[in-house]
Amino acid sequence: MSQEPDDRDAELRRLHSEADAREVDIRGMGAHGDLQDTLIERLRREAQVRDDELAALRGRLERAESELEDLRAIRDALTPSQLPQRPGLELAAAFVPAADQVSGDFYLVAEGPEDSTLLVIGDVVGHGLHAGRRAAFVRTAFAATAPFSDDPCRLLSWANTALVERAGTSSDFVTAACMTYHPQRQLLRWAYAGHPPALRMPDGGELVAPSQGIPLGVHSEPAYVDGTLRAEGPTGVLLYTDGLTEARHDGAFFGLQGVADVLGALDRPSAQEFAGRGGLTDDLCMLAASIA
């Protein structure tokens with residue numbers, strides 16, 4: 001096991017002290033000059049090796065700290081605790097990590113044309129800095145294009161084009177659920193790029209589309225198909241990543257039925273209550289919108 005920096009400092013001091021003591025002893029004993037120089041030089045070299053090892057260790061620790069700060073900043077940007085206020089909607093979001101690391105989960109609420117609102121939730125395959133940066137790029141692409149269209153198919157296509165132009169097609173795909181809400185028309189529209197369908201609140205029914213679509217970044221020209229709903233009367237939607245349905249309770253997957261049961265029992269569904277039902281095998285990311 002590698003020594004900690006404090007232990008290495010103590011070892012270095014010991015080696016330098018030993019070198020100084022050996023030098024005094026050797027010269028005091030009247031040893032031949034060549035032998036003196038050889039022994040002293042050997043001790044000095046050993047001490048220098050330890051100096052170099054300690055410097056390398058400190059460098060690795062500094063780089064690890066810097067990367068950790070980057071990861072925290074990316075995580076906070078992908079899943080912000082504060083959401084904007086949008087016309088006709090009451091919004092809430094939550095992110096519960098399965099482990100203390102950055103994943104590719106993200107969500108976004110952004111202003112669209114004519115007071116419409118864009119809701120996006122997505123998941124990049126994998127974890128770590130690469131997945132986090134890829135998620136940040138896709139999220140930024142949605143945010144940049146949101147003011148120009150309330151068509152979820154077009155928004156998904158634009159995000160896919162941006163991702164492919166940046167990194168080419170890849171197996172590091174991104175799934176996404178994209179939804180827009182137009183308050184004047186009380187119209188919900190949604191489309192999916194290989195992502196689980198959003199759920200209708202409070203009954204937990206799936207808002208399916210004619211096609212689930214292809215994940216972002218897999219093909220250069222994927223086709224997306226949207227679904228629509230007139231929001232008449234109190235209703236809401238829940239967008240989520242698969243960490244929700246794959247959570248375990250009493251050794252079994254929570255599943256869609258478990259989600260529907262909880263939605264039906266709660267006036268205001270809470271992500272923490274979902275997470276508390278069992279161990280997470282993946283990160284849990286949720287975005288809820290109640291239509292006023």
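Predicted model: local features only at pLDDT ≥ 70, side-chain atom pairs only at ≥ 80, totals over all residues.
Residues are numbered from 1 along each chain as its sequence is written, and side-chain values use heavy atoms, with hydrogens and water left out.

Q: How many salt bridges does the count come to?
A: Side chains of opposite charge can pair when their charged atoms come close. The rule asks for a side-chain nitrogen of Lys or Arg within 4 Å of a carboxyl oxygen of Asp or Glu. By this rule the count is 5.

Q: With which residue does D150 form a salt bridge whose closest N and O atoms are 3.3 Å apart?
A: D150 sits in the loop between α3 (128–145) and α4 (152–167), and its partner in the loop between β4 (174–182) and β5 (187–193), so the pair ties together parts 35 residues apart in sequence. Helices (H or I, at least four residues) and strands (E, at least two) are DSSP runs, numbered from the N terminus. The partner is R185.

Q: Is D150 buried or exposed?
A: Buried means under 20% relative accessible area, exposed over 50%, and partly exposed in between (1.4 Å probe, protein chains only). D150 has 17% relative accessibility, so D150 counts as buried.

Q: Which residues are linked in a network of salt bridges?
A: D150 also forms a salt bridge with R189, with the closest N and O atoms 3.7 Å apart. R189 lies in strand β5, so this pair ties together parts 39 residues apart in sequence. The network links D150, D151, R185, R189 and D226.
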